[in-house]
Amino acid sequence: MKRLLITALLLAGVVASARAGAEKRDGWVSLFNGRNLKGWTKLNGEAKYRVEDGAIVGVSTLGAPNTFLATKERYGDFILELEYKVDEGVNSGIQFRSQSRPDYQEGRVYGYQYEIDPASATGNAGIYDEARRGWLYSLENEPEARKAFRHDDWNKVRIEAVGNSIRVWLNGIPTVDILDDADSEGFIALQVHSIGDNKALEGKSVRWRDIRIKTADLQNDLTPESRAIEQKNYVANTISPREAEQGWRLLWNGRDLEGWRSLGRGDMAKGWKTDGGELVITPKSGAGDIITEKMYTDFELSIDFKITEGANSGIKYFINSNGSIGCEYQILDDENHPDAKMGFNGNRRLGSLYDLIPAEGWKLTDKRGWNTARIVVRGNRVEHWLNGKKILEYERSNQMWNTIVSHSKFAKVKNFAADREGHILLQDHNDEVHYRNLKIREL
């Protein structure tokens with residue numbers, strides 16, 4: 001029996017050695033040796049990590065903040081593969097191109113995270129920007145990708161990060177496709193999420209094994225592009241090849257005001273400034289509203305905006321025969337601007353169709369960060385979206401529409417918003433508001 005055991009151990013060693021040699025020849029490098037945590041270091045918390053049965057085990061610990069087991073090495077472009085298995089109820093993640101710096105929240109780990117959260121219907125297997133921007137890619141609109149996760153079993157994840165492209169597969173099924181330039185390199189880390197004082201989760205674990213990475217000669221190993229899931233582009237003021245194929249184009253070039261003109265007598269150059277790829281309204285400049293030179297009929301419009309304290313602005317459309325009067329996607333600091341309390345039933349709050357139809361955009365808003373407004377017009381049917389959620393829809397030129405308008409400040413405006421086509425307008429309300437990523441496609 002002893003001889004058989006020794007033979008088995010020797011054989012296992014030979015197999016492991018052969019595998020390591022093959023990986024090395026193919027350019028793959030193991031990040032975990034299967035025996036100890038050499039090459040890794042713990043950051044931010046006191047959750048426990050151990051090695052068991054050839055896997056790294058992270059254990060949920062009462063009172064511990066988010067804890068990370070990070071590689072000592074940093075990586076830029078790479079293909080990362082590993083397997084993980086997680087107890088039900090546990091929240092975890094895999095950080096990559098991540099950072100920990102003394103000048104950022106006292107060394108808190110931040111950056112891209114592949115989310116491991118089986119209890120989440122939409123977040124599991126997406127990408128979360130830990131301790132910074134929040135969700136970059138959830139699976140809310142990707143039902144097939146949500147099916148990829150295997151409960152109570154090992155799951156294999158593959159992350160391809162090359163240049164600005166980040167793509168993810170779970171058990172061979174694509175779950176994430178983003179373009180982003182926030183970080184080009186950083187460490188890889190395994191997260192044990194905080195459980196606070198939830199004793200029901202104490203001692204539950206997540207396991208990782210077969211962790212390997214390739215950092216050179218990647219082109220031949222990259223997975224062919226999949227159109228099965230949406231691609232999201234976070235590189236400011238750019239149109240990706242896929243977006244171009246879908247008909248998207250920039251409404252603002254990120255440099256100057258080409259394609260826009262002043263509405264009225266204001267000097268737009270006096271108050272509309274380009275600052276680091278952002279279009280910024282200078283407060284109390286008297287520059288006035290600006291509109292696109294072109295008019296649009298059916299379209300999908302996407303604009304990122306950031307509000308300063310107490311600010312008011314708006315994105316207007318159907319601007320034509322009535323001058324600056326048209327339908328308005330309200331941009332407002334609901335907490336600090338008095339307009340939020342005016343109107344009727346909240347129809348002047350952020351995301352609302354101004355003074356006409358209320359929306360609960362305040363529930364989805366990053367108050368001082370970037371938000372994405374989306375307006376979709378198909379004939380008389382219109383939708384307002386905020387940060388990926390539809391917050392209202394309506395139809396013009398019917399009895400309901402006429403009733404709504406008759407009870408608004410536009411009741412006496414002849415043919416209010418009746419034009420089939422119109423300009424897009426950005427409003428100067430004498431407050432500082434930032435815009436970027438102005439994109440449109442005609443439908």
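Strand E7, residues 92-99, and strand E8, residues 110-116, run antiparallel to each other and are joined over six bridges; strands are DSSP runs of type E with at least two residues, numbered from the N terminus, and two of them pair if DSSP finds at least two bridges between them. Within this pairing, glycine 93 stands opposite glutamate 115 in E8. The model is a predicted one, in which local features need pLDDT of at least 70 and side-chain atom pairs count only at pLDDT 80 or more, while totals for chains, interfaces and linings use all residues. Residues are numbered from 1 along each chain as its sequence is written, and side-chain values use heavy atoms, with hydrogens and water left out.

E7 and E8 belong to an open sheet of seven strands, in the order E2-E5-E14-E7-E8-E9-E10, with antiparallel pairing. At its edges lie strand E2 (40-43) and strand E10 (134-137), each of which pairs on one side only.

Elsewhere, Tyr354, Tyr394, Trp401, Phe410 and Phe416 form one aromatic cluster, where rings of Phe, Tyr and Trp (its six-membered ring) pair if their centres lie within 6.5 Å, and planes under 30 degrees apart count as stacked, over 60 as edge-to-face and the rest as tilted. The rings of phenylalanine 410 and phenylalanine 416 have centres 4.4 Å apart and planes at 10°, so this pair is stacked. Phenylalanine 410 is buried, with a relative accessible area of 9%, and phenylalanine 416 counts as buried at 6%; buried means under 20% relative accessible area, exposed over 50% and partly exposed in between, with a 1.4 Å probe and protein chains only. Tyrosine 354 is also buried, at 11%.

Key:
Helix = DSSP H or I, 4+ residues; strand = E, 2+ residues; numbered from the N terminus.
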